[in-house]
Amino acid sequence: MLLIKNTKYYQSMTYDFLRIVVSTLLSFSAKLNNTIMRIKMKTETIRKTARRNFSERLNLAKPFIIKKHFLPLLKPYFLLIAGAVISLIIFSLTSLTLPYVLKIAIDDVLPNKNIRLLTVGIISIVLIFGIRLIFFYISHYLTYYTSQKILFDIRRKLFQHLQKLSVRFYQTHRTGKLISNVITDVGVIQQLISSTLINLAVHCFLIILVMICLFIINWQLALICLVVIPFHAANFLYFKKEIRKNSLVRQEKVSEISGNLAEILTGSTVVKSFAKEKTESKHFITDLRKLFDMNLTIVMQGVWSSTFADILVLIGRLIALGSGAWFVFEGHMSIGEFVCFYSYLGMLFPSIVQLSSLSQVIAQGSASMTRIGRLLEESVEVEDEKNPITTDSFKGNIEFKNVTFAYYGKAIIKDFSLNIKPGQSIAFVGQSGSGKSTIANLLVRFFDVTGGSIHIDGNDIRKYKMSNLRKNIGIVQQTPFLFSGTIFDNISYAKDGSSLEEVIEAAKKANIHEFIEEQEDKYDTVVGENGVNLSGGQRQRLSIARTLLKNPDILILDEATSALDNHSEKEVQKALEALMKGRTTITIAHRLSTIKNADSIIVLENGRIKQQGNHNELLSKDGPYKELYLLNQEGEHDETKK
Ligand SMILES: Nc1ncnc2c1ncn2[C@@H]1O[C@H](COP(=O)(O)OP(=O)(O)OP(=O)(O)O)[C@@H](O)[C@H]1O
Ligand SMILES: [Mg+2]
């Protein structure tokens, strides 16, 4: 009974097991089929995109970019490169001796039992090995040293160029993409220069030298065997071109992903507040899948290239074996020569296969060079004139002469003229988008005017050395930016080598000292990325302290107190008024209470001056200022009621 029960139990278990296995196999095969279909379709799509995108980029991907930006970088290292090449030649030469020693052993030592020759052969091998080791070290050291130096130069050149590029460039290029250029693309080039180029050079030398040896041993046999070489070259060139094309598209995708990533991470609070985590994850995963497919395509192209190379090697070896044997049978070569020939051939073919596999890295490297080259081709929009005026200070006379300015063809500032005397305090008011911040940006040359001119102390600002101009103008921006260091680092950023006392003095004036003292680490408190550990008002006061330490001749306060409460605002206002004394100040404010004492108030409307005068003059007339003032007062009453 028990036996029957057990048998039944085992039967049903076996049945279940088989059922699971069969269904798993079926679903697996369906999945596999789907995946293959998907990969096929995606590969086709990628190919099509690559073709379309590549034709658009062809003008930028031309080798001239590489010639223009990368070849000159090699010049200073000419001697080091020459040293590396010579030691590589010697290193490669040593590999060629072994087959020849083998030939002597077979043809001379073995038949004649020549012990002396054998001893000489062994000693020579030891000596040659010693030389090989020395030149292995020298060639690798020189190559790595030089490649690291070149990379250092590429990164420096790229960073310096990025620093020169204008505000407009940064507004139109995503930060994440740029980071990907500096990190990923330079990384790919690093791989290319430091490891691939050594291999490339070694294998190229070996191929040439081995070919010479083959021709010396038996040129007819060499000619027969080398018939496969053009096919190897075609294989290498074809896949290099294909992989380069796809690598360009792939690197663009990587940039796009890092651009998205940077944005999502920076805006994580927005993502969370709209509960968009799942949507963002989906987008990210879709992007990753696309990248996965592209990588697969590129790797598979590399694999195909190596496979073809392997097939060609096999064909070459078979030809060598067949025709070599025939040569020996016919007495055209000795057995030693045949063994030597075959050993050289054994060195030649792996080098050729290696070259084919290098095509992937070379292609990716040249794609990255193209992308970096494109960045280096970006023209510097706002730059110094040839012989700029240098100055340590300004008196502070500012004159706007019929200034016009447009962002991408859209006029923002129209025929704007204004004369500000040294030490005067001017305020700009006006509706949001009327162009107040734009005027401040024009004064520090974040952008250059599209018409008219701006003069400081009688000279067009474009004539001043830009660093001088910006050092003498302090700007507290509407949305202050803080670096992720300490409070001390952030304030002292304004003045190289500033002491703690100076920093404390500035902080006191900006009404932030007490807050800092309350912190456990005081001035060494870390503020987090863009000051996330601080409140909006604290960030703004830190940025005011930073500008106070700079002690500029001309001061621009763009909504500098907008994030402060009424109490702090009054305190900071006092500090700012003290600071404004004796220097030309432009204040941009929505709260009119902060600009009541300005010498002159400019009311802007759509980039034009609508009204101008001091507070009392403007209030006495009907017009936009009075309207703004009444609106402001209503707002303030509402706030007090609350
Ligand atoms: N980088 C930019 N590219 C294109 N248009 C821009 C850019 N920056 C500003 N603008 C446009 O220029 C106009 C003026 O902007 P601006 O920042 O000078 O206004 P604002 O008076 O300072 O406003 P707010 O009081 O809101 O700060 C706006 O219409 C804005 O859309
Ligand atoms: Mg503004």
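Predicted model: local features only at pLDDT ≥ 70, side-chain atom pairs only at ≥ 80, totals over all residues.
A helix here is a DSSP run of H or I covering at least four residues, and the helices are numbered from the N terminus.

Phenylalanine 338 and tyrosine 342 make one of them, a tilted pair with 5.8 Å from centre to centre and 40° between the planes.

The next pair is phenylalanine 405 with phenylalanine 447. Their ring centres are 5.6 Å apart and the planes meet at 50°, so this pair is also tilted. Here the pair links distant parts of the chain, 42 residues apart. Phenylalanine 405 belongs to strand S1, residues 398–407, and phenylalanine 447 to the loop between helix H14, residues 436–443, and strand S4, residues 451–456. Phenylalanine 405 is buried at 1% relative accessibility, and phenylalanine 447 is buried at 2%. Elsewhere, ring pairs join Tyr238, Phe239, Trp304 and Phe308 into a cluster.

Which residues does valine 444 contact, leaving aside neighbours within four places in sequence? The list is Leu469, Arg470, Ile473 and Ile556. For leucine 469, the separation from valine 444 is 25 residues in sequence and 7.0 Å in space, C-alpha to C-alpha.

Arginine 445 is in this loop too, and is buried at 2% relative accessibility. Its phi is positive, about 60°, although the residue is not a glycine. As background, most residues other than glycine have a negative phi. Lysine 522 also has a positive phi, near 45°, and is likewise not a glycine. Lysine 522 sits in the loop between helix H18, residues 513–518, and H19, and is partly exposed at 35% relative accessible area.

That brings us to H19, residues 536–550. This helix has 15 residues and spans 21 Å from its first C-alpha to its last, close to the 21 Å expected at 1.5 Å a residue. Why can H19 be called largely enclosed by the rest of the structure? Because 12 of its 15 residues are buried. Among them are Arg541, Leu542, Ile544, Arg546 and Leu548. After H19 comes asparagine 551, with a positive phi near 55°.

One residue of H19 to look at is glutamine 538, buried at 16% relative accessible area. Its side chain reaches the backbone nitrogen of serine 535 at 2.7 Å. Not counting residues up to four places away in sequence, glutamine 538 touches Ile512 and Phe515.

Now the ligand. There are 15 residues around ligand 1, and those that come nearest are Gln171, Ser432, Ser437, Thr438 and Gln478. Glutamine 171 places a polar side-chain atom 2.6 Å from a nitrogen atom of the ligand. The side chain of threonine 438 has an N or O atom 2.4 Å from a ligand oxygen. Glycine 435 contributes through its backbone, with an N or O atom 3.0 Å from an oxygen atom of ligand 1.

Last, the cysteines. How many disulfides does a search of the whole structure find? It finds 0. Take cysteine 213: the closest cysteine sulfur, in cysteine 340, is 7.5 Å from its own, too far for a bond. The cut-off for a disulfide is within 2.5 Å between the sulfur atoms. Cysteine 213 is buried at 16% relative accessibility, and cysteine 225 is buried at 0%.

Key. Residues numbered from 1 in each chain as written. Chains lettered and ligands numbered in written order. Heavy atoms only, no water. Helix = DSSP H or I, 4+ residues; strand = E, 2+ residues; numbered from the N terminus. Expected span 1.5 Å × (residues − 1). Buried < 20%, exposed > 50% of the residue type's maximum accessible area, 1.4 Å probe, protein only. Polar contact = N/O pair within 3.5 Å; in protein donor to acceptor, adjacent residues only side chain to side chain. Contact = heavy atoms within 4.5 Å. Phe/Tyr/Trp six-rings, centres within 6.5 Å; stacked < 30°, edge-to-face > 60°. Near = heavy atom within 4 Å.
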